[in-house]
Amino acid sequence: SAVIIPTLAGWLSSEIMSVVDTAIVGTSSANELAALGPATMLTDSSAYLFFWLNIATTSLFARSLAAGRPDAAYDVLSDALWCGLFCGAAVALVLATSGGAALVAICRNAPSVVPAAASYLHLRLLGL
């Protein structure tokens, strides 16, 4: 169970954050609720590019623990945390600088949601 709960949290964190955001923003206005979709899609799609790290880390960590090498397991975990920090910072930087243009392209049929989507994108990047 020491490995299962963090792994499950990694798999579900984005979905839980989206549900909470929808519940909170849904009480404001329809325009802001419509802005959640493009911003969430942009951040989640970008984060899924690096989901291989979660899968590889879980496998390598479990393999090292099963082989009776806890030091190697925690080395894998440490390396994955640094790699995740770098990948997350890189994606956040790219989306912070060019996410607005991407949202304009995504929302070309509903340009009124772009300002709210851009605000939500920048808030969502804090959780990336």
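**A few notes on this structure**

1. Let's start with T57, whose place is in helix α3. Please keep in mind as you read that this is a predicted model.

2. Is T57 buried or exposed? Its relative accessibility is 13%, so T57 counts as buried, the cut-off for that label being under 20%.

3. Now for the surroundings of T57. A polar atom of the T57 side chain lies 2.6 Å from the backbone oxygen of L53. If you set aside the neighbours within four places in sequence, T57 is in contact with V76, L77 and A80.

4. Helix α3, residues 52-66, also holds I55.

5. Which helix gives the patch its largest share? That is helix α1 (residues 4-25), with six residues.

6. Finally, a look at charged side chains. How many salt bridges does the structure hold? There is one, and it joins D44 to R124, with the closest N and O atoms 2.9 Å apart. This pair links distant parts of the chain, as D44 sits in helix α2 (residues 30-48) and R124 in helix α5 (residues 114-125), 80 residues apart. Both D44 and R124 are buried.

Note on methods. Residues numbered from 1 in each chain as written. Predicted model: local features only at pLDDT ≥ 70, side-chain atom pairs only at ≥ 80, totals over all residues. Heavy atoms only, no water. Salt bridge = Lys/Arg side-chain N within 4 Å of Asp/Glu carboxyl O. Helix = DSSP H or I, 4+ residues; strand = E, 2+ residues; numbered from the N terminus. Buried < 20%, exposed > 50% of the residue type's maximum accessible area, 1.4 Å probe, protein only. Polar contact = N/O pair within 3.5 Å; in protein donor to acceptor, adjacent residues only side chain to side chain. Contact = heavy atoms within 4.5 Å.
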